[in-house]
Amino acid sequence: MDIQERLIRLEPFIETRDYPAIAAVLAPSAPVDIAELLSHLDESFISSVLQYLPASVTGEVLSHLDAELIPQIMKDLGSDRSAQILDTMYSDDVADLLGELTPKEQKEVFDLMEDEDAEDVKGLMVYPEDTAGSIMTTEFVALNQHVTAEEAINILRAEAPSAETVYYVYVVDDDEVLVGVLSLRDLIVTPPSWPLEHIMHTRVKYVDDYMDQEEVARIVSRYDIMAVPVVDRNHRLVGIVTVDDVLDVIQEETTEDVFRMAGVHEDELEEDDSVPKMIWGAVKSRLPWLFVTLFGGILSSTIMRGLESELEAVVALAYFTPLLCGMGGNVGTQSSTVTVRGLSTGQISKSGFFATVLKESSVGLIVGLFCAVILAVVAWVWQGSAILGILLGITLICNMFIAATVGTAVPLVLKRLNVDPAVASAPFISTSIDVLGLVIYSVLASLFIPLLTTGM
């Protein structure tokens, strides 16, 4: 059942403002679906409906709603109900929610929380955005290495309900330093009297609390683990990053890369009450790359002006200019896309610079040869000039080879300079390749013009 069908089902209750009935219809749905449905209703409905949903469900729904709505919702729900809801939420979800609010609004929410929970959330909010610390949760189970297997199981029974996940049991020493990990299976099949230090795995995959979230996601994906421990500079266990947060990171980073490669900003997907503000935001994000394209086009026109005498002598040269530029731009965009994605997933490393450029350049050269033969034959048959066909074929080979090289080298160079390679976007690559392609065409045309004009 899609959103519209559910809204139609809710329509009688919406008209009569029967909030308990609306809540009863929504309750079986997943929290993310409830949040999406509520976002289609008037804001005055949201708080009233949430009053009748279980506190644990409401907490998850809040994490999927627009952060700008949260302060008013909290006020409408009242301090007691809000405190009850916040108590059911994990610290990382609360931190994400508060990160979108003003300091004053954050203080109002903190005042509703237990002191210990508030301190946990404040500890998460000190980390820079997009780091492991900013996406980790502090609700996890860590056991001392001297605890026996039987004691560990009893502790898990008591503490697991409040933990976000218990995929693994992390083992620490007396100073909370991470020393090992074991699975629940390891724990269950171990003799009850054995201490954890005798059965734990000491080679633990972990991340630093200030590591970039994209690298964290890459580690979780590479080693196929459901959660990864986070340690501070003293190797003390401070939290874990779970696979659900990693999936969010992958989606966020992939979306960011795709938008940057198109020369736009991911914020354009964000809805805002002010339409003029949305339009102006889109204009500001797109103009810089369009200026690049504009000036590149002016430069290309200047180069074309240098071909004026050749074009007057052999008008057919103008017919193939769009084709040559288009083929080069296409190959360059393909190479840059492959390279940026390879760098993002870790399949291409900084050290693989020359191997990657050689591979993509070779591809550009080979596909250029195939396309050049076809173009040369078409030009020969169409214009009756073998020389023109040879000129166009050589130009196309050079264009596609250089396009593949530039499209690969630019992202790799940016990566070495610690600049996001996604900024080597399609507008930049295609514009620079158009300019280079026209330069090559003009040079070769000037060399071939005596042969073309004599009809050879």
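**Exercise 1. Find the helix that holds D96, and decide whether D96 is buried, partly exposed or exposed.**

Solution. In this predicted model, D96 has its place in helix α8, which covers residues 91-98. The next step is to take its relative accessible area, which is 42%. Buried means under 20% and exposed means over 50%, with partly exposed in between, so D96 counts as partly exposed at 42%.

**Exercise 2. Locate V373, classify its accessibility, and state how far V373 lies from I394 in sequence and in space.**

Solution. V373 belongs to helix α20, which runs over residues 353-383. Its relative accessibility is 54%, and because exposed means over 50%, V373 counts as exposed. Along the sequence V373 and I394 are 21 residues apart, while from C-alpha to C-alpha the two are 9.4 Å apart in space.

**Exercise 3. Describe the protein as a whole through its secondary structure, its buried share and its contacts.**

Solution. Begin with the secondary structure, which comes to 22 helices and six strands. Of the 456 residues, 44% count as buried. Finally, among the contacts between residues at least 6 apart in sequence, 68% join residues that are at least 24 apart.

Notes: Residues are numbered from 1 along each chain as its sequence is written. This is a predicted model: local features need pLDDT of at least 70, side-chain atom pairs count only at pLDDT 80 or more; totals for chains, interfaces and linings use all residues. Side-chain values use heavy atoms; hydrogens and water are left out. Helices (H or I, at least four residues) and strands (E, at least two) are DSSP runs, numbered from the N terminus. Buried means under 20% relative accessible area, exposed over 50%, partly exposed in between (1.4 Å probe, protein chains only). Contact means heavy atoms within 4.5 Å.
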